[in-house]
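Me: I have a structure to read and would like to learn how to describe it. Please take me through it step by step.

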Amino acid sequence: MSKLWRIYTQTSLIKKITLALILGVSVGFLFGEDAAVLAPFGDLLLRLLKFIIVPLILFTLIVGINQTNIGSLGRMGGKVFLYYLGTSALAILVGVSVATLFNPGTGMSLGNETVEVPENPGFTSVLLNIVPENILTALTEMNLLGIIFTAIVFGLALSYMRSTNAYQSLGGHLYKVIDGLNEATLIVMKGILQYVPVGIFAIIAEVIGTQGANTLLELGSFVGVLYIGLLVQLAIYLVFLFVSKRKPTAFFKEARTAMLTAFVTQSSSGTLPVTLNAAKNLGLNKSLYGFSLPLGATINMDGAAIRIAVSAVFAANIIGDPLSFVSILQIVLVGTLASVGTAGVPGAGIIMIATVFSQVGLPMEAVALLASVDVLIGMGATALNVTGDLVGTSLINKTEKKQS
């Protein structure tokens, strides 16, 4: 038994995940809905990933802040925000362009299906939510923006203590404790990563077993066009990698584990521990990725932005009323804000689509139709979200090296 465990732990994570995907698909098709019995193993993976997120963000960011100067942190933060907003707008343009070229939904008709759309909290509400009323509430409710804010505030306070004579000794001791907790968190994360293939096997088996190929066939044109849009955005990321002088093969060798985990779990924030590990293996600046990746998991939604754009064109084609140039501009503006303004909210994909549809006068019935393939499109969109976070961090990392 110990020999088998040693072989398992020594096998690379990507090989184990690839095997898990193949076995999961096979078991899902073979046992159908009976594969749902494996659901608890998938739920356990999601719980473990969420379990480690809070200490990862808190300790990684606090330690990162104390390993760089405040000026550098502000400069990196500005670059991160600009990158995330810019690529989200670009992703919407890509989605509209690809969908306009292939025109999915032409000839289809709306049924009588309805879907309950969660309330959109609004952009202002999300901004206010960055500052939590209660630190413990921010931690228990997994308010990532609130956790990031907390980590930055206490990280800056600790940095001030370490640089001030009156608190220097106390600040030094406190930093050692937090640095130790950060290392302990990374050790726990390594253990969780060993379970990732098992959880992925269970999740993919359940999804294939319950969804099957029927859903994909029903809305195949929409799903196909959306994945073409995702591939176009991925090609743009390749250009960014060339600009940052990072070899795509070397990048994807480290990023693929995070991409596959995001694909299966459909959660950018849930994949965060794996994404942070990928950034570490890529040799990126710890103080940069400790800030950019948690923030990206919350507000950078390039995959979701493409989903919004393709969904809008799809709905317009169903009712036989092609989008005007003004409507397209509205989709770019509202879609970019919606992809940020609904960050971290349950049912965020539905909220984003409903927000844009109401803005440009598209039928809400189409939201219910699109919800039937939510799993299939959510997988690809989430994988692209995580890829965009890592590409952006790599690009910004390169610009920081030039200035250092």
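Me: How many helices and strands does the protein have?

Reply: This is a predicted model. The protein has 18 helices and zero strands. Of its 404 residues, 53% are buried. The accessible surface is about 18,400 Å², and carbon and sulfur atoms account for 65% of that surface.

Me: How is a pair of packed helices described?

Reply: Two values are used: the angle between the axes of the helices and the distance between those axes. Here, helix α7 (residues 144-163) packs against helix α13 (residues 286-299) at about 155°, and their axes are 9 Å apart. Because an angle over 145 degrees counts as roughly antiparallel, α7 is roughly antiparallel to α13. The crossing of α7 past α13 is left-handed.

Me: Which residues in α7 and α13 meet?

Reply: From α7 come Leu 144, Leu 145, Ile 148 and Ile 152; from α13 come Phe 291, Pro 294, Leu 295, Thr 298 and Ile 299. Eight residues of this contact are nonpolar, one is polar and none is charged.

Me: Is Thr 210 buried, exposed or partly exposed?

Reply: Partly exposed, because its relative accessibility is 42%, and the range for that class lies between 20% and 50%. Thr 210 sits in helix α8 (residues 168-211).

Me: How far is Thr 210 from Gly 32 in sequence and in space?

Reply: They are 178 residues apart in sequence, while their C-alpha atoms are 6.3 Å apart. Leaving out residues up to four places away in sequence, Thr 210 touches Glu 33 and Ala 36.

Note on methods. Residues numbered from 1 in each chain as written. Predicted model: local features only at pLDDT ≥ 70, side-chain atom pairs only at ≥ 80, totals over all residues. Heavy atoms only, no water. Axes fitted to C-alpha atoms, helices over the stretch in contact; angles between N-to-C directions. Helix = DSSP H or I, 4+ residues; strand = E, 2+ residues; numbered from the N terminus. Parallel < 35°, antiparallel > 145°, perpendicular 65-115°, else oblique. Left-handed = near helix turned anticlockwise from the far one by under 90°. Contact = heavy atoms within 4.5 Å. Nonpolar A, V, L, I, M, F, W, Y, C, P; charged D, E, K, R; others polar. Buried < 20%, exposed > 50% of the residue type's maximum accessible area, 1.4 Å probe, protein only. Areas by Shrake-Rupley, 256 points an atom, 1.4 Å probe, with all protein chains shown as cover.
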